[in-house]
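Trainee: I would like to go through the labels used for this model and see what each one rests on.
Mentor: Then ask about them one at a time.

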Amino acid sequence: MRDDERKETWDEFRDLVNMSPAALEKWLASEESQSAGQHKDGGESTGHASGRRILDILRTKKGDLSDDDYEHMRKVVGYIRRHLAQRPSGDVRDTRWRYSLMNWGHDPLD
């Protein structure tokens, strides 16, 4: 990945992932987090697994991030943007929509 692509990805990721590592870690441990999203064969949801990867990325020094990390960051940016475009009407505080976004490191109420 070129340096300009890395910079753009980093900037977009940091803009959209608005949960701190501590807040994301606490959220991922919650029952609401673990029940949100699509589960394959009764296992961990895609979003929950992504949240654990995001946590690792947030705790890694920028200079130590790999191309695979940047590819995941791009996936996160795309997911958050698509999901935000599907915001339901009304209060979203206790919705699966919000919980799914939070698994991807974005709390729409922040």
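Mentor: Start with histidine 106, whose side chain reaches the backbone oxygen of leucine 16 at 2.6 Å.

Trainee: What makes that a polar contact?

Mentor: A polar contact is a pair of N or O atoms within 3.5 Å; within protein, one must be able to donate a hydrogen and the other to accept it, and residues adjacent in sequence count only if both atoms are side-chain atoms. The 2.6 Å between the histidine 106 side chain and the leucine 16 backbone oxygen is within 3.5 Å. As for the source, this is a predicted model, in which local features need pLDDT of at least 70 and side-chain atom pairs count only at pLDDT 80 or more, while totals for chains, interfaces and linings use all residues. Residues are numbered from 1 along each chain as its sequence is written, and side-chain values use heavy atoms, with hydrogens and water left out.

Trainee: Why is histidine 106 called buried?

Mentor: Buried means under 20% relative accessible area, exposed over 50%, and partly exposed in between (1.4 Å probe, protein chains only). Histidine 106 has 9% relative accessibility, so the residue counts as buried. Among the residues that histidine 106 touches are Leu16, Ile80 and Leu101, leaving out those up to four places away in sequence; contact means heavy atoms within 4.5 Å.

Trainee: Is aspartate 68 buried or exposed, and why?

Mentor: Aspartate 68 is exposed because its relative accessible area is 55%, and the cut-off is over 50%. Aspartate 68 is found in helix α5, residues 67-84. Helices (H or I, at least four residues) and strands (E, at least two) are DSSP runs, numbered from the N terminus.

Trainee: What span is expected for α5?

Mentor: The expected span of a helix is 1.5 Å times one less than its number of residues. For the 18 residues of α5 that gives 26 Å, and α5 reaches 26 Å from its first C-alpha to its last.

Trainee: How many aromatic pairs are there?

Mentor: The count is 2. Rings of Phe, Tyr and Trp (its six-membered ring) pair if their centres lie within 6.5 Å; planes under 30 degrees apart count as stacked, over 60 as edge-to-face and the rest as tilted. Tryptophan 27 and tyrosine 99 have ring centres 5.2 Å apart and planes at 45 degrees, so that pair is tilted.

Trainee: Why is the pair of tyrosine 79 and tryptophan 104 called stacked?

Mentor: Their centres are 4.2 Å apart, with 15 degrees between the planes, and the limit for stacked is under 30 degrees.
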